[in-house]
Amino acid sequence: MEDITVEDLKSRLDNNEKFVFLDVREEWEYDDDNLGAKNIPLADLPTRLTELEDYKDTEIVVHCRSGARSMNAKKFLESKGFSKVRNTIGGILAYRNL
């Protein structure tokens, strides 16, 4: 699936649109600043995949600090059969610069 811009993400969050929102930063990063997404650090994703199993055919928007870890998370999830994963371009840094 096509990645998502922070502008589109903000609009969708503001409109309470339904999608799975996943933050793959470390817990301390999440505790410092978050957008309300479910936090599963990238390194923990393989062992916590069962938490997402029910969403294989649901849109999942992944974000991190700058977009690099979330891109890796997107590739990993796609390799595990998740069909609607989108990376947030620029991550939370870009989102906070809106």
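## The sheet

Two strands pair if DSSP finds at least two bridges between them. This model is predicted. Its open sheet has four strands, in the order β2-β1-β3-β4, and the pairing is parallel. β2 (38-39) and β4 stand at the edges. Each has a single partner strand, so one side of each lacks a neighbour in the sheet.

Now take β1 and β3. These strands run parallel, joined by four bridges. Asp23 has its bridge partner in β3: His63. Helix α3 packs on this sheet, where α3 touches β1, β3 and β4. The direction of α3 makes about 165° with that of β4.

## The length of helix α3

Helix α3 covers residues 68-79, which is 12 residues. How far apart are its end C-alpha atoms? They are 17 Å apart. At 1.5 Å a residue, the helix should span 16 Å, so the two values agree.

Which residues of α3 are buried? They are Ser70, Ala73, Lys74 and Leu77. These four cover an arc of only 105° around the axis, which puts them on the same side of α3. An α-helix has 3.6 residues a turn, so residues three or four places apart point the same way.

The buried residues of α3 pack against β1 (20-23), β3 (60-63) and β4 (85-87). On the other side of the helix, Lys75 and Ser79 are exposed.

## After the helix

Gly81 follows α3. The phi of Gly81 is positive, near 95°.

How values were computed: Residues numbered from 1 in each chain as written. Predicted model: local features only at pLDDT ≥ 70, side-chain atom pairs only at ≥ 80, totals over all residues. Heavy atoms only, no water. Helix = DSSP H or I, 4+ residues; strand = E, 2+ residues; numbered from the N terminus. Expected span 1.5 Å × (residues − 1). Buried < 20%, exposed > 50% of the residue type's maximum accessible area, 1.4 Å probe, protein only. Arc of directions from axis to C-beta. Contact = heavy atoms within 4.5 Å. Axes fitted to C-alpha atoms, helices over the stretch in contact; angles between N-to-C directions.
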